[in-house]
Amino acid sequence: MKKEELQSAVINLLRFPLIVGVIFIHNYKSTMVVQGVEIECNIFNIKEHVDH
């Protein structure tokens, strides 16, 4: 496998987890519902910082 192919494969592998991470970081609610299950997202609440 060439260096460029390996790099492309790694980027493709990491794309989905990075997208999910960005969604969690930019989530304005403290909870979210995924497939009918309520999940608390208290890692970083942007709205709390913006309001104050």
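Author: One term before we start: two strands pair if DSSP finds at least two bridges between them. Also, this is a predicted model.
Reader: OK. How many helices and strands are in the protein chain?
Author: Two helices and two strands. From the N terminus on, the order is α-β-β-α.
Reader: In what sense do β1 and β2 pair?
Author: Antiparallel, over four bridges. Strand β1 covers residues 31–34, and strand β2 covers residues 37–40.
Reader: Which residue stands opposite Val 37?
Author: Val 34 does; Val 37 itself is in β2.
Reader: And how many residues sit between the strands of that hairpin?
Author: Two. Gln 35 takes a positive phi there, near 50 degrees.
Reader: New topic. What share of the residues is buried?
Author: Buried residues are 8% of the 52 in the protein chain.
Reader: Which residues form the nonpolar patch on the surface?
Author: Met 1, Leu 6, Val 10, Leu 13, Leu 14 and Leu 18. Together they have about 660 Å² of accessible area.
Reader: Take Leu 13. Where is its place?
Author: In helix α1, which spans residues 3–25.
Reader: Why does Leu 13 count as exposed?
Author: Because its relative accessibility is 62%, and exposed means over 50%.

Conventions
Residues numbered from 1 in each chain as written. Predicted model: local features only at pLDDT ≥ 70, side-chain atom pairs only at ≥ 80, totals over all residues. Heavy atoms only, no water. Buried < 20%, exposed > 50% of the residue type's maximum accessible area, 1.4 Å probe, protein only. Patch = residues over 30% accessible without salt bridge, like charges linked within 9 Å, V, L, I, M, F, W, Y side chains within 5 Å. Areas by Shrake-Rupley, 256 points an atom, 1.4 Å probe, with all protein chains shown as cover. Salt bridge = Lys/Arg side-chain N within 4 Å of Asp/Glu carboxyl O.
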